[in-house]
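Let's take a walk through this model together, starting with charged pairs and ending with a pair of helices. Keep the viewer open as you read.

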Amino acid sequence: MLARGSRPGQRGDRDTPSYVCDMTIGFASRAAVSGCVLCAAGLLALAPAAATTGPGADPGPRTTDAPASLLYRPGTHVRPRAGAPEVPDLSARSWLIADADTGTVLAAHDAHRRLPPASTLKTLFALTVMPALPSGIRHRVDPEELEGIGPGSSLVGVAENRTYRVSDLWNGVFLNSGNDAVHVLAALNGGWRVTAERMEEKARALGARDTRVKSPDGYDAPGQVSSAFDLTVFGRAGLRSPEFAEYCARAEAIFPARDGGTYPIVNTNRLLTGADGVAPYRGLIGVKNGYTSHAGNTLVAAARRDGRTLVATVMNPRPDDGHAVYEEARALLDWGFEAADRVDPVGSLDALRSAPPGGPEANAVAAPASREDDPDDRPVWWTITGAGLLGGAGVAVYLRLRWGPVPKD
């Protein structure tokens, strides 16, 4: 969302009290001014707090010289300068690498190709649901909340009639990719369908227009797709939230057991933990891996070195090697750190955030943000009504004090 500054009011002759008018007009002016002041106070008292700009806040889109339409073209896109290393030859059907701070896309292959995302979709789930659920909330799981989990789903071991903190459930989501934890959190967020709708709204607000959500946990479902571009957008946005960043970088945690005890869980992102013969990546700070039989392996990986943070997404590399997704992400990150200052951007992760919905042609040029783009920016009926009532009450009080009780008919 583009930052919007306040608009100072224009003061002219009409706003200046006139001392040559008769008393009735002068009084009306003073009463109107008093009412306006009280209206303003009502707005300040009733309106939601403005978004902060701390470490976890999203400062909004930035612009680059690269056209958004370039990334819609098929094939590999990179704009090397003299001395730039050659981009790695990867087997993934789609991939992208970008600078997390600026949003600059360094290179990409079929960036907007719509593919099933598997559990990397949980990044969007967390971005959508996490702000609504304080981590310290304790919740007793209803058996109905665990219904409908797809066969073969990854599970962390959430038990019915057991009480969990929301933070426990997020550990289950990020470390074990637990679809059972997602189901419970979605229930707390208003339900499965509501959560899917809100996830799509969040994706559009971030400028991720390839994503269609049918199953919030990333389980294969007809019509559920995302893209390397969108998943990189989600990973980058997640890193701006300290809570999200902490969960996605956590290698191990303790999870409550059914019998009242606990047991350890380990992050399934092998690039983070170094498990199963995959060497850990130096500087890795998350984000999320995934796998389904339909999607193949998917991975959003972020790493920080020498003050630079890169985010890379790899979707569906060669199926004969279960570790290919990690090794191709490693090669992409290595290339990015070496090439970042020696390539021109091929796009921006912010390019579509304020563009109108539609096809690639409509998305090619970003338009100025409008209030309709961001549901949180729309006027709220109770804010307007409350301010009006408070202002009106102030005028009535002023009249009563100035002229005394109003005679009844």
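Is arginine 81 buried, partly exposed or exposed? Arginine 81 is partly exposed, because its relative accessible area is 41%, and the class runs between buried (under 20% relative accessible area) and exposed (over 50%), using a 1.4 Å probe and protein chains only. Before going further, a word on the ground rules: this is a predicted model, where local features need pLDDT of at least 70, side-chain atom pairs count only at pLDDT 80 or more, and totals for chains, interfaces and linings use all residues. Residues are numbered from 1 along each chain as its sequence is written, and side-chain values use heavy atoms, with hydrogens and water left out.

Now for the partner of arginine 81. Its side chain meets that of aspartate 344 in a salt bridge, at 2.9 Å from N to O; the term asks for a side-chain nitrogen of Lys or Arg within 4 Å of a carboxyl oxygen of Asp or Glu. This pair links distant parts of the chain, 263 residues apart: aspartate 344 sits in strand S11 (residues 343-344), and arginine 81 in the loop between strand S1 (76-80) and strand S2 (94-99). Helices (H or I, at least four residues) and strands (E, at least two) are DSSP runs numbered from the N terminus. Aspartate 344 is partly exposed too, at 28% relative accessibility.

The structure holds 16 salt bridges, so let's visit a couple of others. Aspartate 350 pairs with arginine 236, their closest N and O atoms being 2.9 Å apart. That link spans 114 residues, from the loop between strand S12 (347-348) and helix H10 (360-363) to helix H6 (residues 228-239). Here both aspartate 350 and arginine 236 are buried.

Arginine 318 and aspartate 320 form a salt bridge as well, at 3.8 Å from N to O. Salt bridges with shared partners join Arg318, Asp320, Asp321 and Glu328 into one network. Arginine 318 is partly exposed at 37%, while aspartate 320 is exposed at 65%.

Finally, look at helix H3 (residues 166-176) and helix H4 (residues 179-188), which pack at about 135 degrees with their axes 8 Å apart. Val166, Leu169, Trp170, Gly172 and Val173 in H3 meet Ala181, Val182, Val184, Leu185 and Leu188 in H4, where contact means heavy atoms within 4.5 Å. By class, that contact has nine nonpolar, one polar and no charged residues.

Definitions and conventions. Axes fitted to C-alpha atoms, helices over the stretch in contact; angles between N-to-C directions. Nonpolar A, V, L, I, M, F, W, Y, C, P; charged D, E, K, R; others polar.
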